[in-house]
Structures are given as structure tokens and as C-alpha cells.
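Thanks for asking for a second pair of eyes on this one.

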Amino acid sequence: MDYLLINGGPRLRGTIEVNGAKNAALPIMAASILCESETVLHGVPDLADVRHLSLLLSKLGVNVRRDDRGDLHLQVEDEMNSHAEYELVRKMRASICVMGPLLAKRKSARIAMPGGCAIGDRPINLHVEGMQSLGAEVDLVGGDMHLRAKRLTGTEMFLGGPFGSTVLGTANVTMAACLAEGSTAIESAACEPEIVDLAEFLNKCGARIQGHGTPRITIDGVSRLSGCEHTVIPDRIEASTFIIAAAITNGEVRLRNCRLEHMLAVVDRLRQIGVNIEKENDEVVVSSARRLDPVDVTTQPFPGFPTDLQAQITALLCLADGNSTVTEKIFPDRFLHVAELNRMGARLRKEGPTVIVEGVKRLIGAPVMASDLRASAALVLAGLIAKGQTRVNRVYHIDRGYEAIERKLALLGADIQRLSE
Ligand code: EPZ
């Protein structure tokens, strides 16, 4: 099994290119099930999650091929199978986003209920309720959700949950409603840039979606969708992770293919901490003051501070000059990085959904265990500045959302390597 070995200290310098967004690419790839001709996607990163969804789609009769330029070609060839099996779904929760497209295009979908998740309780009730509102019949048989509908019918629905909007729930219902009879209105829809990108992709395929990017999305059903050519948006979470890598090492880094308008809440907090983030032509330039200020951070649905960056900013605040608080309002149990950072000499204390971060002068290298995608990114960031050597185990977690992170960091001067046991 692979692990990362990091010798902390070097200040990061140089330029990197931000990849296309995993969380935009996955639902857009699933939407190819709706399309009657080929879809070509540019900028889809080569990640474990993308390869995993490609495998699921091929089982569902979609031919998925990456050409020499790295573009993804998706073409439905067989619509017989509508069963997303447990063995595939349990490995990646985002598999759930084939539910809406299968139900709308093939009139039935059999989706294994996703099991437990390292970041906490993740029910799919809103997805199912959304499909029932569109007229689907739903049964739970042997751990699988069976959804059927001769024809979905547009309606008005409220899709908000106890923690606010649902991103993939909004994606699933939006995709299903594209082929429904009549109009659908989704209230309390997710406003994430990845939802906007999905809607823009679908509109290029002939859908009629409006209001994407606002809490009220309306969809006028159409009878068919074609494929199209589309470039997925840059990955705001990857970009933000590299901005924090520059800040935590007191380095100076330039990012290409980075859209600051998708990261305003993040930029706001980082500037408060003392990180300089400026746009220069088509690049984003990052540098930081040596002294980092403590701040309070609360995660929220977009445009608020993203939960997918909570662990990474916690790592940065470990070195702030004073006490910070980090409150997780989306996945209240998303704190598996806390104990690992404390192994590196951090002073983190969890109280309910909040972590009190007592700033320390330095972190110390140690062997640590990755538990989920973003927690593992936080451990790598801590390792970049820790005194001595850090060994991050189970890096398969990080490969799910960062393409060859050690290569990009090494390009910026980090002393990092991937090794195998
Ligand atoms: C998406 O997951 C992202 N995944 C997650 O990123 C991200 O953390 C999350 O949105 C929040 O921003 C992808 O896009 C592939 P939600 P999703 O439904 O859609 C509750 C990463 O690191 N909820 O918006 O599954 C839920 O429990 C991943 O890249 C219900 O109660 O998240 C949570 O508390 C991790 N019932 C809240 O809503 C439902 O039916 C938000 O979850 C659905 C969700």
C-alpha cells in the first residue's frame, strides 16, 4: 500500500495548474445516461473516483473512453441494465447520482443504499423524496432502492434538509426533471458552482433549466436530450488546498485555472488569517505573512465556507498566533483529522461540532493515518511545515480527490515522495 513521506520545511514556490473539479465531473458524467448521442468532456481529472464512476457507467451500458488528449467520451450503447450494485456503490457514495438519470431515461433505477461514511451520517432521504415528488414509486428490497415511474411529472418541491440544501440531491432531481412531463421547481436547491456547471451542461444538451446558482431552480421538461462538448469548471477545493499549502509554508505560489469567484468565503477567511491572495492577469498569486492570525470559521452550504476545506484550514490555524474555533455545520462528525494532528503536536479540543484550535509555535513530524479524502489533505499540509519527517498512511484516500498531489507539491519545492510498502 502506498504512503507519503514528507520532510517538512521548504517554502513552496512556483506555479501550478488547477485541475477540473471532481464534484462537477461526477454528476455530469452520470448525466450522460440521459443523452442520446456522444458527450465529450474536457478537464476531467484522472482520479480514483472518476475511474470508479466510469466502471459503474460501463456496467450501466455507457461506453466511457479517455482519448490521448485526456478528454472523456461518453456514449450510451445499451439501456438494459438499471442496477447500480452494492459492490460498486459502497466504494463511492457519489454513485448515487445515477439515480435520477436512470429513472428519467430508463423508467426504473435499482440503487444500492450507500452504507456508512467516515465523515458521518449521510442519509439519501431527500433524493428519494425528490423522486417520489416527481411521481416515482419506491421500494427498499435487500438493501437496494427500487424506483419506477412510467413517466415522471413535474411539480414544485422543497428539497431542504436539517443541514440545509443537498448538493447531489439537487443534481439528481434536476437531472430527473429534465425529461419529466411539465415543469418542476426546486426550492432550497443547492447553489454550488458544481450545480451551475451541471445545469449549463444539460442546457447545452437541450434541457431547459433556469435559476441554477440560486435557491430556486426551475426545469421545463423536454422529450429528449442530445450529447454535447463541455469543459468542467476548475476545482475550487483543490485550488484552496494549494493556497493553504503556500500559506502554511510561508511560500509564494501562482495558480492557473483558478476561479476566485467560486471561493470568496475561503478567500475572506484566509485574508483574515494574513494570507495575501491577488489576481494577476489569469493567475492567482498567493503569499503570506510569517505571523498568522487566529479566526473563527463555520462551514455552510455555498456561498458559505465549504465543509470540504474544514480540515485543511484547521491544519493552518494550528500555527496561528492565538486561539481559533472551527465549527462544522454540514457533517457534524467530520473531525477524524483532529486526533492525527494532535499526534503532530497540535492543540485541538473538540466540543460538539466545534474544534478549539490553540495555536502552537511548531508541529512535529510523525506517522499519521488518513481516514477520508479531505482529512488526508490536512495531514499532508501539516507535514509540509512540521519539524522532521511525517509519514501519511492510506493515501488511497487522497487519490480519490487529488491527482498526483505529491508530484504537484514537489514541483513547488516540497520534499515529498510516494512510496509503497
Ligand atoms: C457533496 O456531497 C460533495 N460530494 C461532498 O464532497 C461535500 O462535502 C458535500 O456535497 C457538501 O458540500 C460530491 O459532490 C461528489 P449533501 P453530498 O447532500 O451531495 C444531509 C468531497 O470531499 N443530507 O449536500 O452527498 C447530509 O447528511 C465530498 O469531495 C440529508 O440529510 O452532500 C449533510 O449533512 C465529501 N439527506 C447535508 O445534508 C439527504 O438525502 C449536506 O449533504 C442528503 C443529504
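1. Which residues of H5 are buried? They are Leu126, His127, Val128, Gly130 and Met131, where buried means under 20% relative accessible area, exposed means over 50% and partly exposed is in between (1.4 Å probe, protein chains only). Helices here are DSSP runs of H or I with at least four residues, strands are runs of E with at least two, and both are numbered from the N terminus. The cover over the buried residues of H5 includes helix H4 (99–106), strand S8 (137–141), strand S9 (144–148), strand S10 (156–158) and H6. After H5 comes Gly135, with a positive phi near 105°.

2. A word on what you are looking at. This is a predicted model, in which local features need pLDDT of at least 70 and side-chain atom pairs count only at pLDDT 80 or more, while totals for chains, interfaces and linings use all residues. Residues are numbered from 1 along each chain as its sequence is written, and side-chain values use heavy atoms, with hydrogens and water left out.

3. Now to the ligand. Its shell holds 24 residues, and the closest are Asn125, Leu126, Thr166, Asp308 and Ile330; a residue counts as near if one of its heavy atoms lies within 4 Å. The shell divides into 12 nonpolar, 6 polar and 6 charged residues. For that tally, Ala, Val, Leu, Ile, Met, Phe, Trp, Tyr, Cys and Pro are nonpolar, Asp, Glu, Lys and Arg are charged, and the others, Gly among them, are polar. H1, H5 (125–133), H6 (167–177) and H12 (373–385) each supply at least two shell residues, and H5 has the largest share, with 3.

4. A polar backbone atom of Ile330 is 2.6 Å from a ligand oxygen atom. On the side-chain side, a polar atom of Asn125 lies 2.7 Å from a ligand nitrogen atom, and one of Asn23 lies 3.1 Å from a ligand oxygen atom. Alone, the ligand would expose 820 Å², and the protein buries 91% of that (Shrake-Rupley areas with a 1.4 Å probe; for residues, only the protein chains shown count as cover).

5. In soluble globular proteins, nonpolar side chains tend to be buried together. The largest nonpolar core here has 73 residues, and Met29, Val98, Ile111, Leu152, Phe201, Leu202 and Leu225 touch the most other members. Such a core is a set of buried Ala, Val, Leu, Ile, Met, Phe, Trp, Tyr and Cys residues joined through side-chain atoms within 4.5 Å. Helix H1 (residues 22–31) gives the most to this core, with 6 residues. Apart from it lies another core, of 72 residues, including Ala245, Leu260, Ala311 and Leu379.

6. Ala180 sits in the loop between H6 and strand S11 (183–187). Its relative accessibility is 1%, so Ala180 counts as buried. Leaving out residues up to four places away in sequence, Ala180 touches Arg151, Leu152, Thr153, Gly154, Gly221 and Val222, with contact meaning heavy atoms within 4.5 Å.

7. H11 (residues 336–343) has His337, Val338, Glu340 and Leu341 buried. These pack against helix H10 (310–317), strand S20 (347–351), strand S21 (354–358), strand S22 (367–369) and H12. Gly345, which follows H11, has a positive phi near 95°.

8. Finally, some backbone spots to check. Most residues other than glycine have a negative phi, and most peptide bonds are trans. Ser188, in the loop between S11 and helix H7 (193–204), has a positive phi near 60°. Arg394 also has a positive phi near 60°, and lies in the loop between strand S23 (389–393) and helix H13 (396–399). Why does Arg394 count as partly exposed? Because its relative accessibility is 34%. A cis peptide bond, with omega about 10°, joins Phe302 and Pro303; Pro303 is in the loop between strand S18 (296–298) and H10.

Terms used:
Polar contact = N/O pair within 3.5 Å; in protein donor to acceptor, adjacent residues only side chain to side chain.
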